[in-house]
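Welcome! Please take a look at the sequence and the structure, and then let us walk through them together.

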Amino acid sequence: FYFCTKMPLTQEQAELRAQSFKLIDSEKIKYVLYLKLNEDKYFDGQVSIIFELLQPSDHIFLDFAGKDLKSYCINQLVIDPSDLPKYWDSNYIKVPQSALHEGLNTITIEFTAEYVNDGYGLHKFVDTDGKIYLTSTMCPYNCNKVLPCFD
């Protein structure tokens, strides 16, 4: 595994990561998501990702193009906040192989992301009635602008 840069996810990266999972379907990767929808230009969240691995791998990483990581926990390993830049490059979050195990794994992350007005993420706007509205198409690649996830 090489630590990703701001380049888009490649087919090779996706295939290597997928080989570690028992099954890639909605029954094997689960997300528990909480969002705090703030009135300014940012929103906060917490996501727990529960997934099964055939075997630990150094090809496991999450996609996240948000504003900030506040906390990061892999199974029982809590990453020190001062170490977060070693794991997150503003597009991808590295999951250390040493923190993973065969079978069920849980990653919990607290984060901040920015509302968008281009439709690629969580879109926030004020309509002609003066009310604030939120919308998102949440297509797979653009989910990473809303929450840390496996693309």
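Asn105 sits in strand S7, which covers residues 103-114. The model you see is a predicted one. Is Asn105 buried or exposed? Asn105 counts as buried because its relative accessibility is 1%. The side chain of Asn105 makes polar contacts with backbone oxygens: one is that of His101, at 2.8 Å, and another is that of Gly103, at 2.9 Å. Setting aside neighbours within four places in sequence, Asn105 is in contact with Ile49, Ile50, Phe51, Leu53, Asn75, Ala99 and Leu100.

**The overall layout**

Let us step back to the whole protein. It has two helices and nine strands, and along the sequence they follow the pattern α-β-β-β-β-β-α-β-β-β-β. There are 151 residues, of which 40% count as buried. The protein exposes about 8500 Å², and carbon and sulfur atoms supply 53% of that area. Among contacts with a separation of 6 or more, 71% are between residues 24 or more positions apart.

**The sheet around S7**

Which strands accompany S7 in its sheet? The sheet is open and has five strands in the order S1-S2-S7-S4-S5, with antiparallel pairing. S1 and S5 (77-78) are the edge strands, because each pairs on one side only. As background, strands of a sheet pair through backbone hydrogen bonds, either parallel or antiparallel.

Start at the S1 end. Strand S1 (residues 29-36) pairs with strand S2 (residues 42-53) in the antiparallel sense, over eight bridges. A hairpin of five residues joins S1 to S2.

Now move along to strand S4 (residues 68-74), which is joined to S7 by six bridges and runs antiparallel to S7. Here Tyr72 has Ile109 in S7 as its bridge partner.

**The nonpolar core**

Tyr72 and Ile109 turn up again in the core. The largest nonpolar core has 31 residues, and Tyr72 and Ile109 are those with the most contacts inside it. S2, S4, helix H2 (84-87) and S7 are the elements that give two or more residues to this core. S2 supplies the largest share, with five residues. In general, nonpolar side chains tend to be buried together in soluble globular proteins.

What does Ile109 touch, not counting residues up to four places away in sequence? Ile109 touches Gly45, Gln46, Val47, Leu62, Leu69, Ser71, Tyr72, Ile93 and Pro148.

**Two loop residues with positive phi**

Asn75, one of the contacts of Asn105, lies in the loop between S4 and S5. Although Asn75 is not a glycine, its phi is positive, at about 55 degrees. Asn75 is buried, because its relative accessible area is 17%, which is under the 20% limit.

Ser90 lies in the loop between H2 and strand S6 (92-94). Ser90 is also a residue other than glycine, and its phi is near 80 degrees, a positive value. Is Ser90 buried or partly exposed? With a relative accessible area of 30%, Ser90 is partly exposed.

Towards the end of the sequence, Asn142 lies in the segment after strand S9 (132-135). Asn142 counts as buried because its relative accessibility is 11%. Beyond its neighbours within four places in sequence, Asn142 is in contact with Tyr120 and Gly121.

Cys143 also counts as buried, at 13% relative accessibility. A disulfide would need the sulfur atoms to be within 2.5 Å, and the count of disulfides comes to zero.

Here are the accessibility values gathered in one place.

| Residue | Relative accessibility | Class |
|---|---|---|
| Asn105 | 1% | buried |
| Asn142 | 11% | buried |
| Cys143 | 13% | buried |
| Asn75 | 17% | buried |
| Ser90 | 30% | partly exposed |

Definitions and conventions
Residues are numbered from 1 along each chain as its sequence is written. This is a predicted model: local features need pLDDT of at least 70, side-chain atom pairs count only at pLDDT 80 or more; totals for chains, interfaces and linings use all residues. Side-chain values use heavy atoms; hydrogens and water are left out. Helices (H or I, at least four residues) and strands (E, at least two) are DSSP runs, numbered from the N terminus. Buried means under 20% relative accessible area, exposed over 50%, partly exposed in between (1.4 Å probe, protein chains only). Contact means heavy atoms within 4.5 Å. A polar contact is a pair of N or O atoms within 3.5 Å; within protein, one must be able to donate a hydrogen and the other to accept it, and residues adjacent in sequence count only if both atoms are side-chain atoms. Accessible areas come from the Shrake-Rupley method with a 1.4 Å probe; for residues, only the protein chains shown count as cover. Two strands pair if DSSP finds at least two bridges between them. A nonpolar core is a set of buried Ala, Val, Leu, Ile, Met, Phe, Trp, Tyr and Cys residues joined through side-chain atoms within 4.5 Å.
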